[in-house]
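Thanks for coming, everyone. I have one structure to show you today. Let me put it on the screen.

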Amino acid sequence: MRILVLGGTSFVGRAIVEEALRMGAEVSLFGRGRTGVGLFPELGRLIGDRDTGDYTALGTGSWDAVVDISGYVPRHVGQAMEALGDRVGRYLFLSSHAVYRREGVGPDSDEDTPRRPPVRDTEELTEATYGPCKVACEDDVRARYGARATIVRAGKVAGPHDPSDMFTYWVRRAARGGRVALPADPRQPVQIVDARDLARLVVRLLADDRPGAFHAVGPAEPVTLGGLIEICARVAGSRIDLVRVPDDGLPRFFPLVRDDWASQQRSPARARAAGLPATPLQVTAADVLAWDRTRGESPLTVGFTPEEERARLACRDGSQTVPLW
């Protein structure tokens with residue numbers, strides 16, 4: 001199978017390329033050549049820029065499938081499809097759960113949940129526009145490729161090489177042990193998917209030539225935020241006490257904290273039936289911990305700094321340590 005990957009290879013793209021190669025696929029990479037440039041030296045690299053609309057490198061060649069991991073606005077997808085035309089078989093678009101409406105959605109919602117209205121008149125990606133722009137991208141891929149279109153809506157992706165630090169924050173913090181400040185209800189459900197599981201689903205869908213939309217979420221067993229942090233501590237061999245602290249003044253996306261619990265309880269049934277595996281959460285945590293230590297535990301971009309955490313903990317005493325669910 002010949003696969004074209006649109007996007008970088010720093011994290012999700014890296015996992016997808018590794019899995020495709022493991023399965024014997026012939027892979028071509030299209031991107032600006034700025035991330036993961038030292039990886040996969042044996043692969044053909046097609047240099048272009050989706051922001052400027054430079055798809056010249058895609059003017060020749062054909063592929064059995066394309067995996068679009070860097071399409072964020074309709075122009076990106078439209079120009080890529082125009083450049084590729086019918087020289088690709090299946091078009092797999094990596095989307096997001098941000099496409100869904102939040103109102104009236106309960107636990108175990110599936111891929112037929114109503115989506116937000118599409119947005120096409122802006123390329124400024126904010127919380128208000130990111131999901132609707134992805135909706136427009138999904139619609140355009142389906143309109144162009146029909147039964148040859150596949151949509152994978154990924155939840156929060158975790159694993160080694162994750163640049164977002166959202167899961168890494170809790171892995172590192174739990175490994176340090178002691179009193180851990182949690183600005184959320186520890187009973188909040190959490191859904192993350194190991195990047196390698198996401199990659200295996202993507203490659204399986206292509207191998208099976210399977211159309212439709214699929215939730216890429218994990219882990220296999222439901223977990224709460226408190227439970228996730230405890231798993232991270234056990235993996236590291238540390239002891240922690242979770243302390244509920246005030247949530248005022250937090251950034252909108254504090255690591256894994258969400259006020260919309262239903263969005264963290266989506267059904268993975270369709271994806272599981274199609275081949276989505278389920279790496280145990282403790283394995284993902286152990287691998288992230290090992291990777292984080294190899295990079296010298298460089299400063300994280302999210303979460304509390306040690307000084308901020310101490311200040312929050314100072315507002316609470318030991319009697320307010322919370323149990324884990």
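What radius of gyration would a compact globule of 325 residues have, and what does the protein chain have? The rule gives a value near 20 Å, and the protein chain has 20 Å, so the two agree. Please keep in mind that this is a predicted model.

Now the overall picture. The protein chain has nine helices and 13 strands. Along the principal axes, its C-alpha atoms fill a box of roughly 65 × 45 × 35 Å. Of the 325 residues, 52% are buried. Take the contacts between residues at least 6 apart in sequence: 80% of them join residues at least 24 apart.

The accessible surface is about 14200 Å². Carbon and sulfur atoms account for 50% of that. As for charge, there are 43 positive side chains and 44 negative ones. The centres of those two sets lie 1 Å apart.

Next, please look at helix 9, residues 306-313. Which of its residues are buried? Glu309, Arg312 and Leu313 are. These three cover an arc of only 95 degrees around the axis, so they sit on the same side of helix 9. Turn to the other side, and you find Glu307 and Arg310 exposed. What covers the buried residues of helix 9? The cover includes helix 4 (166-176), strand 8 (178-182) and strand 13 (240-244).

Let me finish with some backbone details. Most residues other than glycine have a negative phi, and most peptide bonds are trans. Here are some exceptions.

Start with the peptide bond from glycine 218 to proline 219. That bond is cis, with omega near -5 degrees. Proline 219 is in the loop between strand 11 (212-216) and strand 12 (223-224).

Then phenylalanine 40. Its phi is positive, near 50 degrees. You will find phenylalanine 40 in the loop between strand 2 (26-31) and strand 3 (44-47). Is phenylalanine 40 buried or exposed? Its relative accessible area is 11%, so phenylalanine 40 counts as buried, the cut-off being under 20%.

Last, glutamate 297. Its phi is also positive, near 50 degrees. Glutamate 297 lies in the loop that runs between helix 8 (281-294) and helix 9. Glutamate 297 has a relative accessible area of 38%, so this residue is partly exposed.

Definitions and conventions. Residues are numbered from 1 along each chain as its sequence is written. This is a predicted model: local features need pLDDT of at least 70, side-chain atom pairs count only at pLDDT 80 or more; totals for chains, interfaces and linings use all residues. Side-chain values use heavy atoms; hydrogens and water are left out. Helices (H or I, at least four residues) and strands (E, at least two) are DSSP runs, numbered from the N terminus. The radius of gyration is taken over C-alpha atoms; the globule rule is 2.2 Å times the number of residues to the power 0.38. Buried means under 20% relative accessible area, exposed over 50%, partly exposed in between (1.4 Å probe, protein chains only). Contact means heavy atoms within 4.5 Å. Accessible areas come from the Shrake-Rupley method with a 1.4 Å probe; for residues, only the protein chains shown count as cover. Lys and Arg count as positive and Asp and Glu as negative; His and the chain ends are not counted. The place of a charge is taken as NZ of Lys, CZ of Arg, CG of Asp or CD of Glu. The arc is that of the directions from the helix axis to the C-beta atoms.
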